Protein chains: 2
Amino acid sequence: MARPSLYPDTREHILATGEELIHGRSFTALGLTELLSEAGVPKGSFYHYFKSKEDFGVAMLTRYFSGYRERVGGLLTDGSVGNGRERLLAYFQQWLDNHARCEAQSCLAVKLAAEVSDLSEPMRVALDEGMLAIVQRLAACLREGQTDGSIKPSLPPDDTAYALYSLWLGAALMYKTQHSLQPLQAAMIHTQGLLLPCSAA
Amino acid sequence: MARPSLYPDTREHILATGEELIHGRSFTALGLTELLSEAGVPKGSFYHYFKSKEDFGVAMLTRYFSGYRERVGGLLTDGSVGNGRERLLAYFQQWLDNHARCEAQSCLAVKLAAEVSDLSEPMRVALDEGMLAIVQRLAACLREGQTDGSIKPSLPPDDTAYALYSLWLGAALMYKTQHSLQPLQAAMIHTQGLLLPCSAA
DNA sequence: AGAATAATAGACCGATCGTCTAGTTGCAAG
DNA sequence: CTTGCAACTAGACGATCGGTCTATTATTCT
């Protein structure tokens with residue numbers, strides 16, 4: 001081919017650096033200069049790999065959700081440990097643990113959704129698709145739980161999946177403003193109550 | 001005194017304009033030049049009324065939440081129409097209706113929480129206080145509902161208030177990415193299910 | 001060896017950012 | 001009518017923004 005890359009995969013390295021930095025500032029406030037100096041990549045390279053900052057943003061979101069599905073999607077998949085109910089609870093427990101462990105970390109959906117939806121249509125779509133996939137995974141897991149008898153069949157799976165995901169998105173958002181686990185713990189208590197059999201069919 | 005103001009209250013006028021504009025862009029992306037030209041206020045005046053953009057941001061948030069409490073807090077207050085359960089449902093129904101009516105409108109908490117929490121500590125605090133006040137109002141309303149018998153007493157009021165508010169925050173966030181009422185409608189269905197008596201004490 | 005090309009390098013562009021200071025304006029007291 | 005002074009404003013400031021451009025470097029294929 002040609003000249004060797006600075007890194008095994010420079011494009012990937014820029015995206016990873018962006019994902020790290022974005023937790024601390026908004027997408028608009030994340031300057032290319034800062035991003036590239038942090039990544040140790042010259043500016044000329046950026047526009048070799050991305051046609052614009054927006055294009056970079058889309059790629060970062062796509063990459064993030066793809067990685068998220070790999071890391072966390074397995075937890076929810078049928079055939080993994082436990083029944084449907086246990087898998088859902090494990091998923092949300094991990095969500096809580098992530099925040100308890102490291103303060104800065106938060107999911108990109110929470111961090112960027114509000115800003116990016118108004119800023120860039122392509123980025124909005126990338127976000128939407130990524131989030132929708134999670135909701136669908138949750139809905140599937142709810143159905144599996146209803147089949148295996150661990151989740152009461154009266155819950156509408158799709159609406160409940162939306163509600164659960166919304167609940168945890170909002171709790172993560174409040175965690176950011178409050179710097180306290182209380183919203184997330186309340187979400188966990190509520191989730192446990194919802195997924196517990198309630199005698200009502 | 002001295003020279004008369006351009007508007008009866010120029011500072012207030014700038015804040016109101018900011019609140020309008022912020023729905024369409026992030027706080028970082030909202031430039032002072034744009035804000036002031038939209039408001040019809042000369043640029044030089046800005047630092048007469050605010051000591052910095054951050055100071056303006058804090059004032060905008062404080063003003064917003066103060067107005068929000070006036071407009072919407074009454075709906076939740078004891079002594080208003082209906083029992084506790086009906087008042088809560090009316091509050092969230094209005095939340096849904098607001099989104100159904102006008103696409104652009106969304107609450108400032110949803111729009112700014114993620115961005116501002118990392119950007120500015122004073123703005124984060126303003127946001128936190130405003131949101132906390134709403135959660136406390138919800139919790140009070142839950143307690144009132146438990147007293148008047150319209151809400152089942154097994155629900156922990158504080159955690160449930162957090163969960164309800166998180167749920168609707170998250171649903172509003174997803175509304176922004178999805179451009180669809182589905183998340184909000186799912187939140188409403190879930191809320192109705194939660195506030196319905198369930199025989200389980 | 002030489003052509004082709006992928007990637008790096010960073011100076012540079014106009015626009016816009018938030019901020020600041022020097023200045024003008026208009027009313028009130030003398 | 002003047003002067004004092006606070007309220008307000010005009011516009012410049014340096015920094016930084018996203019983006020472009022030309023040049024150079026290192027590699028592979030012919």
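A salt bridge is a side-chain nitrogen of Lys or Arg within 4 Å of a carboxyl oxygen of Asp or Glu. B:R25 and B:E34 form one, with their closest N and O atoms 3.3 Å apart. This is a predicted model, where local features need pLDDT of at least 70, side-chain atom pairs count only at pLDDT 80 or more, and totals for chains, interfaces and linings use all residues. Residues are numbered from 1 along each chain as its sequence is written, chains are lettered from A in the order in which they are written, and side-chain values use heavy atoms, without hydrogens and water.

**Chain A overall**

- Chain A has nine helices and zero strands. Helices (H or I, at least four residues) and strands (E, at least two) are DSSP runs, numbered from the N terminus.
- The C-alpha atoms of chain A fill a box of roughly 65 × 40 × 30 Å along the principal axes.
- Chain A has 201 residues, and 51% of them count as buried. Buried means under 20% relative accessible area, exposed over 50%, and partly exposed in between (1.4 Å probe, protein chains only).
- Chain A carries 18 positive and 22 negative side chains. Lys and Arg count as positive, Asp and Glu as negative; His and the chain ends are not counted.

**Salt bridges**

- Side chains of opposite charge can pair when their charged atoms come close.
- The whole structure holds 18 salt bridges over all chains.
- In the B:R25 and B:E34 pair, B:R25 is partly exposed at 27% relative accessibility. B:E34 is partly exposed too, at 30%.
- A:D118 pairs with B:K176, with 3.1 Å between the closest N and O atoms. This pair crosses between chains, from helix α6 (residues 108-119) of chain A to helix α8 (residues 157-178) of chain B.
- A:D118 is partly exposed at 31%, whereas B:K176 is buried at 7%.
- B:D118 and A:K176 also meet in a salt bridge (3.1 Å, N to O). B:D118 lies in helix α6 of chain B and A:K176 in helix α8 of chain A, so this pair joins two chains.
- B:D118 is partly exposed at 30%, while A:K176 is buried at 8%.
- A:E12, A:E19 and A:R63 are linked in a salt-bridge network.

**A look at A:R124**

- A:R124 sits in helix α7 (residues 121-147) of chain A.
- A:R124 is buried, because its relative accessible area is 8%.
- Beyond its neighbours within four places in sequence, A:R124 is in contact with residues including A:V116, A:S117 and B:K176. Contact means heavy atoms within 4.5 Å.
- A:M60 is 64 residues from A:R124 along the chain, and their C-alpha atoms are separated by 12 Å.

Note on methods
Charge placed at Lys NZ, Arg CZ, Asp CG, Glu CD.
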